[in-house]
Amino acid sequence: RAPCSAAAAPATPVAASLRVSRPTASPGLDSPQIVLVQSDRRMGFYLASRWPAPAPKVVEMLAVEKLRGSGLWQSVGDSTSAFPTDYVIQFTVRRFEADYSGGGTAPEVHVVLDCLVGKREGREVIGNFLATGSAPAAANKLGAVVAAFETATNAALDSLSTQTLQAVRTAMAARKSAD
């Protein structure tokens, strides 16, 4: 391992609050059904299996948990929160699917979140980015596919967390230098 440097040091909490807006989804993904992309690129669903809520709601819940669990924010609210925040992140779930189009027997899971971060006051956009994750399923069994979804979603949410924090830090630094 490389020695610890200032860049690799644990992140310092930011003196700001964040709200995760209700996500939207690309066509076909706003459903509790587990989506798959077949080898001929047609979209389908796993039979007799469902997420506990539509995919955007599941991803919102996981994003809020990830951001709160980071300990880097004064507070993190979900889309139903009645409390005002300093910053807002909204995202569209572009991909949340098990992809069989690669030709293998087990799918590759892809999660892509198209993110926009802004100041609540003044509605100024301070960052936009893609947060992505992918993971191969260990087998063509639902349990293995769900495990791959967990891995891919965690990678995408780690990226979302890091890039959101960086956008807010950059905006706060710009505001301080302007004062």
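Reader: Which residues does Phe 91 touch, not counting residues up to four places away in sequence?

Author: Phe 91 touches Val 20, Pro 23, Thr 24, Val 59, Glu 60, Ala 63, Leu 113, Asp 114, Cys 115 and Leu 160. These are called contacts because heavy atoms lie within 4.5 Å. The model is predicted: local features need pLDDT of at least 70, side-chain atom pairs count only at pLDDT 80 or more, and totals for chains, interfaces and linings use all residues. Residues are numbered from 1 along each chain as its sequence is written, and side-chain values use heavy atoms, with hydrogens and water left out.

Reader: What makes Trp 73, Phe 91 and Leu 113 stand out in the largest nonpolar core?

Author: Among the 47 residues of that core, Trp 73, Phe 91 and Leu 113 touch the most other members. They belong to it because a nonpolar core joins buried Ala, Val, Leu, Ile, Met, Phe, Trp, Tyr and Cys residues through side-chain atoms within 4.5 Å, where buried means under 20% relative accessible area with a 1.4 Å probe, protein chains only. Elements giving two or more residues to this core include β1 (17-20), α1, β6 and β8 (125-136), while α2 provides the largest share, 11 residues.

Reader: Why are β7 and β8 said to pair?

Author: Pairing requires at least two DSSP bridges between two strands; β7 and β8 have 11 bridges, in the antiparallel sense, and therefore qualify. Each strand is a DSSP run of E with at least two residues, numbered from the N terminus. Leu 113 stands opposite Ala 131 in β8. The two strands form a hairpin with 5 residues between them, and Gly 122 in the turn has a positive phi of about 85 degrees.

Reader: Which residues line the largest pocket?

Author: Its lining consists of Ser 21, Val 88, Gln 90, Leu 116, Val 117, Gly 118, Lys 119, Arg 120, Arg 123, Glu 124 and Val 125. They count as lining because each has an atom within 4 Å of a point of the pocket, an open set on a 1 Å grid with protein on both sides within 12 Å along at least five of seven lines. The volume of this pocket, about 220 Å³, is the space filled by probe spheres set on the points.

Reader: Which strand gives the most to the lining of the largest pocket?

Author: β7 does, with 4 residues; β6 (87-99) also supplies at least two. The lining divides into 4 nonpolar, 3 polar and 4 charged residues.

Key: 1 Å grid on protein atoms, 1.4 Å probe; cavity = no way out; pocket = protein on both sides within 12 Å on 5 of 7 lines; lining within 4 Å. Nonpolar A, V, L, I, M, F, W, Y, C, P; charged D, E, K, R; others polar. Buried < 20%, exposed > 50% of the residue type's maximum accessible area, 1.4 Å probe, protein only.
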